[in-house]
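Trainee: Could you take me through one part of this model closely? I would like to look at the sheet, its turns and the helices around it.

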Amino acid sequence: MSDVLALYRVQQLELEIINHTKRIKAINQQIEDDEALREAETEFEAAKTEHEDAAKRARDMELEIAALMEKRQASESLLYSGEVNNPKELQDLQMELDSLTRRRDVLDDELKRIVTERDGCQQKLQESEANMEEARIARAAENQELLEEKAALTATINEQLTKRKAVVKKIPADIYKTYNSMRAKNSNRPVSVLKDDACAVCGIEQNSVVITAINRSDDIVNCQSCGRILIKL
Ligand SMILES: [Zn+2]
């Protein structure tokens, strides 16, 4: 393997490692970001609060009706007890009884409405709980796949690092140093392929001096335009 070809091989391995590392970062991000599950959990919490509120209102209404019934029972007992003989008092009692009866009818209707609402909330609560469970299961399965992909990528990266190390060993130190110093300013691509007599990265056609130099020897030849190390494959 010529030095330039070895550099090109190192560059290929490095670009692959960079891509795999990016994918691992994206996987980590995806595992952290569980928007669908969080949305399902929020919906469940909201349905739970709504149901609790409706259930409490139903209980309060039942208590209010029970208290009213008790009061009505007391008035009725008094009315028929024979203890009250004054016609005005009797009339007042009867009127109170009628008023309590009307009030009970109103509260009964109100209770029916609240119970219907509560039952609706109950239904909604069960549905949102089922959705949340489903989202959790889906999330776990998805995470499992992502973690497997991440493990495979990590193993591949380690293999590529080993290969890279082996190739680097064959490259003369000064040439490798030059390559390294060129990496940052060339977007990790200091080596460019000569394709149809042009640099594949910048697209500039090379003059005959450059072409001849590449064809003649294994020496480092740079692109006339971008300065990258040229290789003819
Ligand atoms: Zn170039």
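Mentor: Start with a cut-off. A residue is buried if 20 or more other C-beta atoms lie within 10 Å of its own, exposed if 12 or fewer, and partly exposed in between. Keep in mind that this is a predicted model.

Now the sheet. Its three strands form an open sheet in the order β2-β1-β3. The pairing is mixed. Strands β2 (198-199) and β3 (229-231) are the edges, and each pairs on one side only.

Take the β3 side. Strand β1 covers residues 191-195. Three bridges join β1 to β3, and these two strands run parallel. Two of the pairs can be picked out by name. V191 stands opposite I229 in β3. V193 has I231 of β3 as its bridge partner. In a regular strand the side chains alternate between the two faces of the sheet.

Next, the β2 side. Here β1 and β2 run antiparallel, joined by two bridges. In this pairing, K195 stands opposite A198 in β2. The two strands form a hairpin, with two residues between them. D196 is in the turn and has a positive phi of about 50°.

D197 also belongs to the loop between β1 and β2. Its phi is positive too, about 65°, although D197 is not a glycine.

N188 is found in the loop between α4 (173-183) and β1. Phi of N188 is near 65°, a positive value in a residue other than glycine. N188 has 12 C-beta neighbours inside 10 Å, so it counts as exposed.

Now bring in the helices. Return to β1 and β3, where three bridges join the parallel strands. Helix α1 (residues 3-32) packs on the sheet and touches both β1 and β3. The direction of α1 makes about 100° with that of β3.

Helix α1 has a helix partner as well. It packs with α3 at an angle of about 160°, and the axes are 9 Å apart. The two helices are therefore roughly antiparallel to each other. The cut-off for that label is an angle over 145 degrees. The crossing of α1 and α3 is left-handed. By class, their contact has 13 nonpolar, six polar and nine charged residues.

Helix α3 (residues 87-170) also meets helix α2 (residues 35-79). The axes of α2 and α3 come within 7 Å and cross at roughly 160°. That makes α2 roughly antiparallel to α3. This crossing, of α2 and α3, is left-handed. The residues of the contact divide into 25 nonpolar, seven polar and 21 charged.

Follow β1 along residues 191-195. Pass the two-residue turn of the hairpin into β2. Then find β3 at 229-231, an edge strand. Finish with α1, which packs on the sheet, and go on to α3, its antiparallel partner.

Note on methods. Residues are numbered from 1 along each chain as its sequence is written. This is a predicted model: local features need pLDDT of at least 70, side-chain atom pairs count only at pLDDT 80 or more; totals for chains, interfaces and linings use all residues. Two strands pair if DSSP finds at least two bridges between them. Helices (H or I, at least four residues) and strands (E, at least two) are DSSP runs, numbered from the N terminus. Two residues are in contact if their C-beta atoms, placed from the backbone, lie within 7 Å. Axes are lines fitted to C-alpha atoms, for helices over the stretch in contact, and angles run from 0 to 180 degrees between N-to-C directions. Angles under 35 degrees count as roughly parallel, over 145 as roughly antiparallel, 65 to 115 as roughly perpendicular and the rest as oblique. A crossing is left-handed if the near helix is turned anticlockwise from the far one by less than a right angle, and right-handed if clockwise. Ala, Val, Leu, Ile, Met, Phe, Trp, Tyr, Cys and Pro count as nonpolar, Asp, Glu, Lys and Arg as charged, and the others, Gly among them, as polar.
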